[in-house]
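Work through the exercises below with the sequence and the model open. Try each task before reading its solution.

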Amino acid sequence: MAASVAPVADIADRGYAHPEVLVSTQWVADHLKDPNVRLVESDEDVLLYETGHIPGAVKIDWVADLNDPLTRDYIDAGRFQRLLRSKGISENTTVVLYGDKNNWWATYAFWVFKLFDVKNVRLLDGGRLRWAEEGRELVTAVPRYPEGNITISGRDDRSSRAFRDQVLEHVNHGKRLVDVRSPEEYRGERLHMPEYPNEGALRGGHVPGARSIPWGRAVNPETHTFRPASELRTIYEAENGLHRTDDVIVYCRIGERSSHTWFALTYLLGFEEVRNYDGSWTEWGNLVRAPVEKP
Amino acid sequence: MDQETRIAWLVDHSQRPRFKGSLPDADARVPGGNPGCGDIITMYVKAKPGEDRIEAVRFEGVGCTLSQAAASILAERMNKEHPTFAEVLEFSYEEMVDILGRGIATSRPQCATLALGTLKGAVKMVETNRRLRAAGHTDEEIVRVRERSGRARSGS
């Protein structure tokens, strides 16, 4: 480690509700040889892992590995179990997820892991970028591990996942919705840039009543790590009136950016009832007669 | 090509892109992008004078490994084969996915085909501009027509 990067406070000192779900780059560096720790890289860039990854890390791709190839849904418990076992993950393994784009896809994977009730899963604070900017080692060697023995008994979509009918109920009852897309997408000014392909929504705007809180606000842009709880409370609670006992649904375009906010609200601020609407705008913006609001 | 070799080939194109840069005397310069993931490609196309055929292609861009590798591979192919406009427009997205490797490209079809879609847009622009010039329009008029049609599209 040689590069000079902006310093960051210890995770334990940032006031998070569940600091145990985050690990630092130094923690990862200290556990590179730990057989009970499995590093998992999950990226937007499908070939980024192949250009170099943290030593010992395996790859899980959100499309190829986590999505059902036919139905717009996630894989079932049997396939998820086979996937994790193929990565050498056992009951006693601590899984540490990390990835590009400030951990967009790592938090998305984290969210999917939680749908399957994987207990011991953590996130590398600052993600791949922090690790790289600290000048830490990246390698191209793909590790092979013996088959793991983790048991996945099922997937529970009730507590952390929202579907369109539940979003509509939220709208009708004036419950809390958070739109984490860019302000331009929220305002319906941008479905796609001029000359750029439309990424699948026929209508622009936001779900009525949703607050606009872009996902990136949860991250310190200098360190790429999560902001301390005090700053997160200012953003989500003081500025936008959310309360930790609120029933909150978060959404974006396909549920990846909103999984980042789901993570921040659930684990860093200790919100009790946050669900991620993974149908998000690619579903809502195409849904016949779905109510849409534009400022 | 096995998977490992294919990945190495794609990564190499991404890290050492061929035909990257602007083409000052291009007949068309067309931007394209995937706003969701931040891939941006600008394609420059120069046509052979008097022929409906590619003379040169270059590109500029930033984005993920696959989108940039695909642009480099496509540009290399265009500059080697000098296809006709019709051949470019018939070049299917499925064929592009096959070239890049179905095992990799099918998981990111937008990244895999961004360069091809943008190239097709550039070729169509060259064709249209030629038709407009043949109909007696000046380059300034063509620019004005394009600006108007651009507004019409974004407002539709």
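Predicted model: local features only at pLDDT ≥ 70, side-chain atom pairs only at ≥ 80, totals over all residues.

The exercises go from whole chains to single elements, and end with confidence.

Residues are numbered from 1 along each chain as its sequence is written, while chains are lettered from A and ligands numbered from 1 in the order in which they are written.

**Exercise 1. Describe the overall build of chain A.**

Step 1. Count the elements, taking helices (H or I, at least four residues) and strands (E, at least two) as DSSP runs numbered from the N terminus. Chain A has 11 helices and 10 strands.

Step 2. Check the overall dimensions. The radius of gyration is taken over C-alpha atoms, and the globule rule is 2.2 Å times the number of residues to the power 0.38. For 295 residues a compact globule would come near 19 Å, and chain A agrees with its 19 Å. Its C-alpha atoms fill a box of roughly 55 × 45 × 40 Å along the principal axes.

Step 3. Look at burial. A residue is buried if 20 or more other C-beta atoms lie within 10 Å of its own, exposed if 12 or fewer, and partly exposed in between, with C-beta atoms placed from the backbone. In chain A, 42% of the 295 residues are buried.

Step 4. Look at contacts, meaning residue pairs whose C-beta atoms, placed from the backbone, lie within 7 Å. Of the contacts in chain A with a separation of 6 or more, 78% are between residues 24 or more positions apart.

**Exercise 2. Work out the strand order in the five-stranded sheet of chain A.**

Step 1. Two strands pair if DSSP finds at least two bridges between them. The sheet in chain A is open, with parallel pairing and the order 1-5-4-2-3.

Step 2. Strand 1 (22-23) and strand 3 (58-59) of chain A are at the edges with a single partner strand each, so one side of each has no neighbour in the sheet.

Step 3. Inside this order, strand 4 (residues 94-98) and strand 5 (residues 121-124) of chain A pair in the parallel sense over three bridges. A:Val96 stands opposite A:Arg122 in strand 5.

**Exercise 3. Trace the strand pairing in chain B.**

Step 1. Strand 1 (residues 28-34) and strand 2 (residues 39-47) of chain B are antiparallel, paired over seven bridges. The partner of B:Arg29 in strand 2 is B:Tyr44.

Step 2. Strand 2 of chain B is also joined to strand 3 (residues 54-62) of chain B, antiparallel, by eight bridges. Here B:Ala47 stands opposite B:Ile54.

Step 3. Strands 2 and 3 of chain B form a hairpin with six residues between them, and B:Gly50 in the turn has a positive phi of about 75°.

**Exercise 4. Which residues of helix 1 of chain B are buried, and what do they pack against?**

Step 1. Helix 1 (residues 3-15) of chain B has 13 residues and reaches 18 Å from first C-alpha to last, close to the expected 18 Å (1.5 Å times one less than its number of residues).

Step 2. B:Ile7, B:Leu10, B:His13 and B:Ser14 are buried.

Step 3. The buried residues pack against helix 2 (48-51) of chain A, and against helix 2 (65-81) and helix 4 (93-100) of chain B.

**Exercise 5. State how confident the predictor is.**

Step 1. Chain B has a mean pLDDT of 89, with 93% of its residues at 70 or more. Within chain B, confidence is highest in helix 2, at 97, and lowest in helix 7 (residues 139-155), at a mean of 62. Over residues 151-156 of chain B the pLDDT is below 50, and this stretch has one contact in the model beyond near neighbours in sequence.

Step 2. For the complex, the predictor gives an ipTM of 0.75 and a pTM of 0.87.

Note on methods
Contact = placed C-beta atoms within 7 Å. pLDDT = per-residue confidence, 0-100.
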